Amino acid sequence: MIPGVTLSYRIFPGRNPGLLMLHGVFGAKQNFAGVANKINRKTGMLVGTCDSRNHGASPWTPEMGVVAMRTDTLKLMEELNFHGVLLGHSMGGKVAMSTALSNPESITKLIVVDAAPCVINNSAREVIRGYMNKMQEFTVDNSKSLSSNRNMAADFLINTVTNPNIRNFILTNLIKRADGTVGWRCNLEAVSRNWDRLTDLDVSTDCVPRRGPTLFILGAESDSTGSSKEVRDDIYRLFPSATIHMVPGAGHFVHADNPSEFVDVVSDFITD
């Protein structure tokens with residue numbers, strides 16, 4: 001079993017039980033900062049965001065997967081003495097689902113944002129693999145500024161990452177490190193090598209379905225889930241009491257495409 005690592009996190013103080021938010025691939029805790037702050041102010045509840053292993057300011061490790069990241073999450077929850085609502089987007093949604101199924105007593109409610117228990121869209125998974133491969137091919141020029149390197153990376157990625165919003169999101173990972181060099185913030189080598197393990201829920205086939213309060217927030221226009229019957233059947237198989245909320249016009253990044261509705265839906269669910 002891969003040992004847990006100590007995750008970097010940020011807390012918006014408030015009352016308990018609170019909300020802990022897990023980001024998706026290429027993400028970091030600051031991706032949720034805007035909506036986390038609004039949920040915190042709207043509900044008065046503690047809201048935490050964290051960097052997954054090999055992302056943001058959390059440790060880099062050669063191995064990773066949903067099970068390892070579940071261990072990381074439980075370790076953080078113990079460190080914070082946290083027992084509340086767990087929310088995960090995309091890859092973080094897989095981790096949140098796995099945590100809820102394997103350690104149901106560890107949380108009070110579950111929110112999954114644009115993810116499903118099984119891999120519904122293999123083509124979307126391979127597209128992201130292609131993004132990672134292309135990102136690894138980019139060579140930084142440390143004689144130039146961060147902004148110049150980001151411009152060069154944007155040109156380099158443009159034919160592979162054709163969606164400008166996704167491309168700009170990926171480029172936030174190109175940072176100036178503490179030693180002054182420019183590089184990717186996420187551990188691309190580890191994420192790419194373990195990609196299949198990050199998209200598999202990895203729970204036992206005889207696991208007991210979760211019947212506690214569960215909310216799935218899906219983007220109606222998402223390439224990852226969408227609104228198909230296959231997605232709904234997959235959700236209800238392991239989460240039979242789940243509520244599914246579709247956000248019209250939103251893609252995979254529901255919280256960015258419609259932050260107002262996202263904040264309202266999450267706030268209503270966690271205070272109900």
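Helices α2 (residues 66-80) and α3 (residues 91-102) pack at about 70°, their axes 9 Å apart. That angle makes α2 roughly perpendicular to α3, since 65 to 115 degrees counts as roughly perpendicular, under 35 as roughly parallel, over 145 as roughly antiparallel and the rest as oblique. The model is predicted: local features need pLDDT of at least 70 and side-chain atom pairs pLDDT 80 or more, while totals for chains, interfaces and linings use all residues. Residues are numbered from 1 along each chain as its sequence is written, and side-chain values use heavy atoms, with hydrogens and water left out.

- Axes are lines fitted to C-alpha atoms, for helices over the stretch in contact; angles run from 0 to 180 degrees between N-to-C directions.
- Helices (H or I, at least four residues) and strands (E, at least two) are DSSP runs numbered from the N terminus.
- From α2, the contact takes in V66, M69, R70, T73 and L74. From α3 come M91, K94, V95, S98, T99 and S102. Contact means heavy atoms within 4.5 Å.
- By class, this contact has five nonpolar, four polar and two charged residues. Ala, Val, Leu, Ile, Met, Phe, Trp, Tyr, Cys and Pro count as nonpolar; Asp, Glu, Lys and Arg count as charged; the others, Gly among them, count as polar.

**Sheet**

- Seven strands form an open sheet in the order β1-β3-β2-β4-β5-β8-β9, with mixed pairing. Strands pair if DSSP finds at least two bridges between them.
- At the edges are β1 (9-12) and β9 (243-247), each pairing on one side only.
- From one strand to the next, the twist averages 15°.
- Strand β8 (residues 214-219) runs parallel to β9, and five bridges join them. L218 stands opposite M246 in β9.
- Helix α9 (residues 229-238) packs on the sheet and touches β8 and β9. Its direction makes about 150° with that of β9.
- Helix α11 (residues 259-271) also packs on the sheet, touching β2 (15-22), β3 (45-50), β4 (85-89), β5 (109-113), β8 and β9. The direction of α11 makes about 165° with that of β5.

**Largest pocket**

- Its volume is about 1000 Å³. On a 1 Å grid over the protein atoms alone, a pocket is an open set of points with protein on both sides within 12 Å along at least five of seven lines; a cavity is a set where a 1.4 Å probe fits but cannot get out; lining residues have an atom within 4 Å of a point.
- Grid points are joined across faces, edges and corners, and a volume is the space filled by probe spheres set on the points.
- The lining has 45 residues, with S90, I128, S224, H252 and F253 nearest the pocket centre.
- Two or more lining residues come from each of α1 (33-43), α3, α4 (122-137), α6 (164-171), α8 (195-198) and α10 (254-257). Helix α4 gives the most, six residues.
- The lining divides into 21 nonpolar, 18 polar and six charged residues.

**Cavity**

- The structure holds one cavity of 30 Å³ or more. The largest cavity has about 60 Å³ of space.
- L7, L22, C50, S52, R53, M69, D72, T73 and V95 line the largest cavity. Helix α2 gives the largest share, three residues.
- Five of these lining residues are nonpolar, two polar and two charged.

**Backbone**

- The peptide bond from N16 to P17 is cis, with omega near 0°. P17 lies in strand β2.
- F26 has a positive phi, near 70°, in a residue other than glycine. F26 sits in the loop between β2 and α1.
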